[in-house]
Amino acid sequence: MQIIESHASCGGRQEVWKHYAETLKCEMRFGIYLPEYVLRGERRPVLYWLSGLTCTEQNFITKAGAQKFAAKHQLIVVSLDTSPRGDTVPDEDIYCLGQGASFYINSTASPWAEHFQMQDYVSVELPALIESFFPASNRRSVFGHSMGGHGALITALRNPGRYKSVSAFSPIVAPTQVPWGKKAFYAYLGMDSESWKEWDAVELVGKAAERLPLLIDQGGADEFLAEQLRPELLTAVCNAIDFPIELKIHSAYDHSYYFIASFIGRHFLHHAVALSK
């Protein structure tokens with residue numbers, strides 16, 4: 001563990017750390033906001049943010065305006081990188097595959113399987129590290145954007161009892177049915193499309209062992225809405241089985257962090273309430 005950034009922010013500290021990730025076999029970075037109570041030694045719940053395609057830990061901590069809400073609710077907020085990185089990690093010259101585009105799954109196909117075990121990193125290794133190294137409790141929630149919204153949904157659905165709440169901005173809800181997801185899953189998981197369903201929120205909802213309410217915000221002017229995101233597929237299956245979901249479409253808003261910053265406060269409230277119970 002090595003700290004590489006530390007800034008006073010909203011009564012707490014915004015830091016960036018790097019460490020060697022055993023599951024990914026490479027060095028990883030994460031941002032962590034430590035609110036005032038944590039700096040005094042009090043253990044607080046942790047909210048994990050999963051970013052979208054091409055992002056690093058920096059996008060969220062510099063663009064989302066999250067620190068003031070983390071301080072208000074006294075939550076630790078961890079924002080991680082979107083994939084393994086480094087000279088030994090395989091990559092592609094397209095933004096939706098390779099470094100920066102893990103889709104938060106555990107890859108089974110060559111050459112990706114050696115490093116791209118992001119679900120294990122997100123749900124097991126990183127929380128264990130955070131809860132042992134920082135004054136963090138074992139109460140945790142998860143949210144994300146776009147590819148990271150997909151990651152948040154599948155992480156909560158695949159790990160019943162591990163998270164208190166989940167939410168997403170503009171998530172890819174059905175990667176097995178859209179171009180981004182099909183391209184990535186074919187590379188990371190191989191030709192057996194049945195195995196892809198284990199990483200698809202629309203497929204997982206129907207057999208979920210836990211019914212955490214899903215909170216989703218979507219921009220109505222999002223250029224990826226019709227082809228890549230398709231939230232109506234998730235609402236349809238949730239409504240069919242009475243799975244709790246709140247989807248809000250915000251007209252005029254796009255896919256950017258301007259959208260995220262506009263509505264992130266209500267996501268923090270959603271998680272703060274769940275984490276306080």
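I take buried to mean under 20% relative accessible area, exposed over 50%, and partly exposed in between (1.4 Å probe, protein chains only).

**Ground rules.** I am reading a predicted model, where local features need pLDDT of at least 70, side-chain atom pairs count only at pLDDT 80 or more, and totals for chains, interfaces and linings use all residues. Residues are numbered from 1 along each chain as its sequence is written, and side-chain values use heavy atoms, with hydrogens and water left out.

**Aromatic pairs.** I paired rings of Phe, Tyr and Trp (its six-membered ring) if their centres lie within 6.5 Å, calling planes under 30 degrees apart stacked, over 60 edge-to-face and the rest tilted. That rule gave me 21 aromatic pairs. I looked up W49 and F143: their ring centres are 4.7 Å apart with planes at 85 degrees, so I noted the pair as edge-to-face.

My next stop was W112 with Y188, an edge-to-face pair at 5.3 Å centre to centre and 80 degrees between the planes. Here W112 sits in the loop between β5 (76-80) and α4 (118-133), while Y188 is in helix α6 (residues 179-189), 76 residues apart. W112 is buried with a relative accessible area of 4%, and Y188 is buried with 0%.

I also followed ring pairs through a cluster that includes W49, F60, F143 and Y253.

**A charge over a ring.** I count this when NZ of Lys or CZ of Arg is within 6 Å of the ring centre and within 35 degrees of the ring normal. The charged end of R158 sits over the ring of W199, 3.6 Å from the centre.

**Strand β5.** How many of the residues of β5 are buried? I found five of the five, so the strand is largely enclosed by the rest of the structure. I76, V78 and L80 point one way, V77 and S79 the other, and all are buried.

For its neighbours, I let two strands pair if DSSP finds at least two bridges between them. Strand β3 (residues 26-34) runs antiparallel to β5 with four bridges, and F30 stands opposite L80. β4 runs parallel to β5, also through four bridges, and there I76 is the bridge partner of V46.

Terms used. Helices (H or I, at least four residues) and strands (E, at least two) are DSSP runs, numbered from the N terminus.
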